[in-house]
Amino acid sequence: MKWLWAFVAGFVSTLVFHQGLFQLLHLAGVIPMAAWSMKPVGPLGLPSVVSLALWAGLWGVALWALIRNAAGASKWLWGFVWGALGPSLVALFIVLPLKGMPLAGGFKPAFIVMVLLLNGVWGLGVVALMKLYKQDRAG
């Protein structure tokens, strides 16, 4: 059951933390497009934000497998670090090229930092939600 909660935490963290920060960056003029995109994406034609959240649910399970035994501040630190690294590396080096975009966003430092920050905040959201769901104990 804990793994289902990790999936839910990853899904919800995308909608609240990742996309919340995305929208703040948009409002600050850092990102040209707004968060919570409802543009359909293939192959199922789901809204972009729903597709992202579903993948993030799977990432939530993977993240929780990595950090579930950490305690205290180290759980938060590792939630940010692994949240930033795992999804970001896959997005930058696999997903972007598959979508016809430049590898690692053209290696633009600001873009890479933004991706790491968005996903790191998503990881913090997973930790926060697992605590909220009272699932943050090892096991």
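Guide: One definition is needed at the outset: a residue is called buried under 20% relative accessible area, exposed over 50%, and partly exposed in between. The model before us is predicted.

Visitor: How far is the prediction to be trusted, and what is the mean pLDDT of the chain?
Guide: pLDDT is the predictor's confidence in each residue, from 0 to 100. Of the residues in the chain, 98% reach 70 or more. The mean pLDDT of the chain is 95.

Visitor: In which element is confidence highest?
Guide: Confidence is lowest in strand 1, residues 40-41, with a mean of 94. At the other end stands a mean of 98, and the element that has it is strand 2, residues 46-47.

Visitor: Is Leu-89 buried, partly exposed or exposed?
Guide: Leu-89 lies in helix 3. Its relative accessible area is 46%. Buried requires under 20% and exposed requires over 50%, so Leu-89 is partly exposed.

Visitor: How far apart in space are Leu-89 and Ala-104, C-alpha to C-alpha?
Guide: Ala-104 is found in the loop between helix 3 and helix 4, whereas Leu-89 lies in helix 3. In sequence, 15 residues separate Leu-89 from Ala-104. Their C-alpha atoms are apart in space by 8.3 Å.

Visitor: What is phi of Ala-104 near?
Guide: Most residues other than glycine have a negative phi. Ala-104 has a positive value although it is a residue other than glycine. Ala-104 also counts as buried, because its relative accessibility is 0%. Its phi is near 55°.

Visitor: Which peptide bond is cis?
Guide: Most peptide bonds are trans. The bond in question has an omega near 0°, and its Pro-43 is placed in the loop between strand 1 and strand 2. It is the bond from Gly-42 to Pro-43.

Visitor: Is Gly-45 buried, partly exposed or exposed?
Guide: Gly-45 also lies in the loop between strand 1 and strand 2. Its C-alpha atom is separated by 17 Å from that of Ala-56, which is 11 residues away along the chain. Because its relative accessibility is 43%, Gly-45 counts as partly exposed.

Visitor: Where does helix 1 bend?
Guide: Helix 1 covers residues 2-27 and reaches 36 Å from its first C-alpha to its last, close to the 38 Å expected. Gly-29, with a positive phi near 85°, follows this helix. The bend in helix 1 is about 45°, and its place is Ser-13.

Visitor: How much accessible area does the nonpolar patch on the surface have?
Guide: Among the members of the patch are Leu-66, Trp-78, Trp-82, Leu-89, Phe-93 and Phe-107. Helix 3, residues 73-98, gives the most to it, with nine residues. Together the members of the patch have an accessible area of about 1200 Å².

Visitor: Is Phe-93 buried, partly exposed or exposed?
Guide: Phe-93 lies in helix 3. In that helix Gly-83, Pro-87 and Leu-92 are among the buried residues. Phe-93 has 38% relative accessibility and therefore counts as partly exposed.

Visitor: By how much are the C-alpha atoms of Leu-117 and Phe-22 separated?
Guide: Leu-117 is found in helix 4, residues 109-132. Leu-117 is partly exposed, with a relative accessible area of 36%. Leu-117 and Phe-22 are 95 residues apart along the chain, and the separation of their C-alpha atoms is 9.8 Å.

Technical notes: Residues are numbered from 1 along each chain as its sequence is written. This is a predicted model: local features need pLDDT of at least 70, side-chain atom pairs count only at pLDDT 80 or more; totals for chains, interfaces and linings use all residues. Side-chain values use heavy atoms; hydrogens and water are left out. Helices (H or I, at least four residues) and strands (E, at least two) are DSSP runs, numbered from the N terminus. The expected span of a helix is 1.5 Å times one less than its number of residues. The bend at a residue is the angle between axes fitted to the seven residues ending there and the seven starting there. Patches are made of residues with over 30% relative accessible area and no salt bridge: like charges are joined within 9 Å, nonpolar side chains (Val, Leu, Ile, Met, Phe, Trp, Tyr) within 5 Å. Accessible areas come from the Shrake-Rupley method with a 1.4 Å probe; for residues, only the protein chains shown count as cover. A salt bridge is a side-chain nitrogen of Lys or Arg within 4 Å of a carboxyl oxygen of Asp or Glu. Buried means under 20% relative accessible area, exposed over 50%, partly exposed in between (1.4 Å probe, protein chains only).
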